[in-house]
Amino acid sequence: MAVVLRNADFGFRILGTPFGALFGVSVFALLIFWVCYPSHFLIADELAYFEQARAFSSGQDGAVDYPAGTGLLAAFFIWLGGNKSVFWSSFLCWLAGTWALSLALHKTGKPVGWALFPWLFIPALVFTRTLMSDVPSFALAAFFGLLCTAFPPNRKVMFLAGGVGGLSVLFRETNFLWVLPFALSFVLRKKMAWRWFMAGFCIGLLPRLISGWVLHQNPVYLRDPGIAFSWNVLPGNLLFYGLTLLVFLPGGLWFLWKTKHPWRAEIGICAGLFLLVYGSYGYDALAKSGYKGILLQARFMLPLLPFFVLSAAWTPVRLSQKTAAVCSALAILLFAGIQITGRMYNDAQQKISGALLKIPARSQISFSPDESRKYLNAMYGPSTILDGHALSDRVLQSRNIWYAHLISRSESADRVAKARAAFSDFYTRFEGWKIDQIDQVVLADGTNLYVWSAQKKDNNDEKR
């Protein structure tokens, strides 16, 4: 028996249509995002996409290790509104993916309110505020699911579905994992214009191949993450992702198990492949970033969310109108809460940016360069960060005075160890210099900024 919602799409009937409620939610989300618009990067990897986007927007090659899709998308927003507009990319992809899911649900006779199910997944809401490939991958997966499951499998639909699947690899290589089960299914069924799907996939894949050739002289270039895959980490990672898809996405795996969706086999294989690959990936965000690592590692599941939505809508459960309305209200409140909290954290980050920007030198030495570039980059004005760990003695001795800083974090043992090593390196590099701490900023999450001036000692200083 399919889900029954009495005269309601998750408790809302705005503008008199099944999509009216979603329209109202989208407008509300747009206003909240605009009021709480991001001002800072949260993740060091965002800087790579940002610099790539800036290069693309100015006609340069933008050769970084990451696939070109996210940078190209962000470059479009830079072209429209400047550097600070890049954060619109993930948020608008989030809305686009939600609407694609609502159309897939409506076309198959299911309540469109299920499209708000991903809004209960807190890691996804956090990543709507970032310049990363996760939310664009979610949107592409949603459009792919719409085309593959909600429309007659004619030539045009299959061609478009294949094109979306091929294009998704431009954003992240592992997106191929949710394309593969459907591609194999189309081939095995043969009646479903599978050749058109393959043609669309090949054409959609062309931007990835061309960008690989142009940027890296290798059309099948793959970024080396520097982290190994191993069966040894599979049990622990599967436990983490299992809890993530049951708790952060309430009942997600249960819906996947119980679904009666006509494409349940393909959807199940998609999820299985994703869990197998990322389960064997040796990335341990919790060890590196503490509690923040929960969000960082859970984000890998974002492209699976559309398939969990389709599963949930075809699950034989009955939701009362009251329960549906509560779930919808919770999703909206979670989104608003995440955006408001994110803005408050950005305001705290601004204290660090402000302290760095007021240093009377455009070039300053950082003993935490990856972290520092989140607070001091082209988005806030011209500046140069020199890596204190790699700075040559010749450059160091070329000035009588330097301004140096270090940003430390304390949410994990790994972060504490790195901070201690950075402090040690700072005092070693400036041994024999006159060092004064001129500023310090402390954030509530344990992030600390230390700013020093280091001046060569003259003969009179040495005598004293």
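## A first look at this predicted protein model

The protein exposes about 20700 Å², and carbon and sulfur atoms supply 63% of that area (Shrake-Rupley method with a 1.4 Å probe; for residues, only the protein chains shown count as cover). This is a predicted model, where local features need pLDDT of at least 70 and side-chain atom pairs count only at pLDDT 80 or more, while totals for chains, interfaces and linings use all residues. Residues are numbered from 1 along each chain as its sequence is written, and side-chain values use heavy atoms, with hydrogens and water left out.

**Overall build**

- The secondary structure comes to 20 helices and five strands (DSSP runs numbered from the N terminus: helices are H or I with at least four residues, strands are E with at least two).
- A compact globule of 464 residues would have a radius of gyration near 23 Å, and the 25 Å of the protein agrees with this (taken over C-alpha atoms; the globule rule is 2.2 Å times the number of residues to the power 0.38).
- Along the principal axes, the C-alpha atoms fill a box of roughly 90 × 50 × 45 Å.
- Of the 464 residues, 53% count as buried (under 20% relative accessible area; exposed is over 50%, and partly exposed lies in between, with a 1.4 Å probe and protein chains only).

**A patch on the surface**

- Phe23, Val27, Leu31, Trp34 and Val35 form a nonpolar surface patch, with about 530 Å² of accessible area together.
- Patch members have over 30% relative accessible area and no salt bridge, and nonpolar side chains (Val, Leu, Ile, Met, Phe, Trp, Tyr) are joined within 5 Å, like charges within 9 Å; a salt bridge is a side-chain nitrogen of Lys or Arg within 4 Å of a carboxyl oxygen of Asp or Glu.
- Val27 is found in helix H1 (residues 20–35), and Val27 counts as partly exposed because its relative accessibility is 36%.

**Gly163 and its contacts**

- Gly163 lies in helix H7 (residues 155–168).
- Leaving aside neighbours within four places in sequence, Gly163 is in contact with Gly200, Phe201 and Gly204 (heavy atoms within 4.5 Å).

**Aromatic rings**

- The structure holds 50 aromatic pairs (rings of Phe, Tyr and Trp, using its six-membered ring, with centres within 6.5 Å; planes under 30 degrees apart are stacked, over 60 edge-to-face, the rest tilted).
- The rings of Phe426 and Tyr427 have centres 4.9 Å apart and planes at 70 degrees, so this pair is edge-to-face.
- Phe426 also pairs with Phe430, with centres 5.4 Å apart and planes at 50 degrees, so that pair is tilted.
- Phe426 is buried at 0% relative accessibility, and Phe430 is buried at 1%, whereas Tyr427 is partly exposed at 45%.
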